[in-house]
Amino acid sequence: RHIGSLDLMTSDNTHYYSVIPIPIAVFNNGEGPTVYVSAGTHGNEEQGQLVVRRLIADLNLSDIQGRLILIPSLNLPAARVSARVSPLDDANLNRSFPGDARSGPTSTIAHFLTNVLFPICDAGMDLHSAGREAGMPALTYLGLNPDKELTKRSYELLKAFGFPHAMICEDGGDGMDDSAHALKIPFIGAEFKGMSSADPAPLKQGMDAVLRFLVHT
């Protein structure tokens, strides 16, 4: 059970050759698949970040067969200021894939996932929650891919996640799921209730859904 950070190096008017530590946890126990779960791709979507932090706190190593990679606040610069896009470069992380390590900090995060983490994964998902300004029903997002077998495997993840609604459309080309699909990795996204709320119901609903996803994978 390893708790650490992905060190994003940046230098601008606010950060003078600084390292921004993006938190990561890895649970590794025996033989099995590697599964990726992240939240905080948009920094003002807090519910998914809380669920992933809860997973890190509550899961025991004995619960895992294989390897689980958890990133609670993937776009940590945006999460620190509760913003949808990064304050470092005004870029939307979920529109920055596959990324480029030489094109700014947000693109660097996307590049790291595409080239380092995703190639070792067997399945994955990214948690969203609409942001403070928007509300929506709990839904799972599935991007259709020309590879029908890959789409079928992603659809099985969607069913296991078990949210009451789904949004199914063609891959857009610049999202996190697009980069996963390009590597033949089944991948889904999810949206929680959104808006600022102390209501524990969407957090429990999300936690239960992620646990179903993990049991399936």
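## Cysteines

How many disulfides does the count come to? In this predicted model, the count comes to 0 disulfides. Cys 121 is buried, its relative accessible area being 7%. Cys 169, by contrast, counts as partly exposed, at 29% relative accessibility.

## Helix H3 and its surroundings

Helix H3 spans residues 105-117 and contains 13 residues. The distance from its first C-alpha to its last is 17 Å, close to the 18 Å expected at 1.5 Å a residue.

The buried residues of H3 are Pro 105, Thr 106, Ser 107, Ile 109, Ala 110, Leu 113, Thr 114 and Leu 117.

## Aromatic pairs

The count of aromatic pairs comes to 5. One of them joins Tyr 36 and Phe 118 in an edge-to-face arrangement, with 5.3 Å centre to centre and 90° between the planes. This pair links distant parts of the chain, 82 residues apart: Tyr 36 belongs to strand E3, while Phe 118 lies in the loop between H3 and strand E5 (123-128). Tyr 36 and Phe 118 are both buried, and ring pairs link these two residues and Phe 187 into a cluster.

Phe 163 and Phe 192 form a tilted pair, because their planes stand at 55°; the ring centres are 5.7 Å apart.

How values were computed. Residues numbered from 1 in each chain as written. Predicted model: local features only at pLDDT ≥ 70, side-chain atom pairs only at ≥ 80, totals over all residues. Heavy atoms only, no water. Helix = DSSP H or I, 4+ residues; strand = E, 2+ residues; numbered from the N terminus. Expected span 1.5 Å × (residues − 1). Buried < 20%, exposed > 50% of the residue type's maximum accessible area, 1.4 Å probe, protein only. Disulfide = S-S within 2.5 Å. Phe/Tyr/Trp six-rings, centres within 6.5 Å; stacked < 30°, edge-to-face > 60°.
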